Amino acid sequence: MDLRIEKTEKAIKNAFIELRSQKPLEKVTVTELCRLACINKSTFYAHYEDVYDLSDALEEEMVQAILGSLSWEETEGKEDLGRFIRELCMSFLSHISLMKILFSGKEQSRLGIRIERDMKELLYQKYPGCRQDVKKSILFSYLIQGAYHAYLNHQEADVQTLISVLTEVAEAIKPLYD
């Protein structure tokens, strides 16, 4: 990518994150974003359709960063499942500041939905037979959304306790996959 384009992208994204940290998405305007990023509107529109398109792009980058940090190895036993859940929680933790900005207010449930969608797709690539299995799809949803919301609602909890409880829950429903 051209260095100027990269620099402009970074300025747009940084300005958006700054504005988003101060107000809801629907209150962010292209005009104020351009002023803060020191660009003109035509430059912004050369990169994005509107602030919602920009928000969507940043959300997708975050989801890919979270999922990209997971090793996706086979989870045979409780130790492996615990490692996977630990990686997921640590990935959430390492992205928490930006998560709180991009997915605040009305947008909070969007992260869980996006993570579920993309994580399921990765699971289906790894286990193609599960794609048509409604029972497994429901269980995947339960585990993914449950872990996400448990993490969000218990951020003050000790990380080891959270990981331990999530691992126990995942192990308890593992027999349902058979």
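1. Start with L33. Setting aside neighbours within four places in sequence, L33 is in contact with I12, A15, F16, L19, V28, F44, V51 and L54. Contact here means heavy atoms within 4.5 Å.

2. A word on the source. This is a predicted model, where local features need pLDDT of at least 70, side-chain atom pairs count only at pLDDT 80 or more, and totals for chains, interfaces and linings use all residues. Residues are numbered from 1 along each chain as its sequence is written, and side-chain values use heavy atoms, with hydrogens and water left out.

3. Now the overall picture. The protein has nine helices and zero strands. Helices (H or I, at least four residues) and strands (E, at least two) are DSSP runs, numbered from the N terminus. The C-alpha trace spans about 55 × 35 × 30 Å along its principal axes. Of the 178 residues, 42% are buried. Buried means under 20% relative accessible area, exposed over 50%, and partly exposed in between (1.4 Å probe, protein chains only). Take the contacts between residues at least 6 apart in sequence: 66% of them join residues at least 24 apart.

4. Which residues touch the most other members of the largest nonpolar core? They are F16, L33, F44, M99, I115 and M119, in a core of 53 residues. The elements giving two or more residues to this core are α1 (3–20), α2 (30–37), α4 (51–68), α5 (78–94), α6 (96–102), α7 (108–126), α8 and α9 (159–173). Helix α8 gives the largest share, eight residues. A nonpolar core is a set of buried Ala, Val, Leu, Ile, Met, Phe, Trp, Tyr and Cys residues joined through side-chain atoms within 4.5 Å.

5. Look at α8 itself. This helix covers residues 134–153, and its 20 residues should span 28 Å at 1.5 Å a residue. Its end C-alpha atoms are 28 Å apart, which agrees. The expected span is 1.5 Å times one less than the number of residues. D133 caps the N-terminal end of α8, with a side-chain oxygen 3.1 Å from the backbone nitrogen of K135. Buried residues of α8 include L139, F140, I144, Y148 and Y151.

6. Helix α7 passes the length check too. Its 19 residues should span 27 Å at 1.5 Å a residue; the end C-alpha atoms are 28 Å apart, which agrees. Among its buried residues are L111, I115, M119 and L123.

7. How do α1 and α4 pack? Their axes are 11 Å apart, at an angle of about 95°. The two helices are therefore roughly perpendicular. Residues I12, K13, F16 and I17 of α1 meet V51, L54, S55, L58 and E61 of α4. Axes are lines fitted to C-alpha atoms, for helices over the stretch in contact, and angles run from 0 to 180 degrees between N-to-C directions. Roughly perpendicular covers 65 to 115 degrees.

8. Is I66 buried or exposed? I66 counts as buried because its relative accessibility is 0%. This residue lies in helix α4. Not counting residues up to four places away in sequence, I66 touches L88, S91, F92, H95, M99 and I115. I66 and C89 are 23 residues apart in sequence and 9.5 Å apart in space, C-alpha to C-alpha.

9. Last, T8 in helix α1. T8 is buried, with a relative accessible area of 18%. A polar atom of its side chain lies 2.9 Å from the backbone oxygen of R4. Leaving aside neighbours within four places in sequence, T8 is in contact with I39, T43 and H47.

Methods:
Polar contact = N/O pair within 3.5 Å; in protein donor to acceptor, adjacent residues only side chain to side chain. Parallel < 35°, antiparallel > 145°, perpendicular 65-115°, else oblique.
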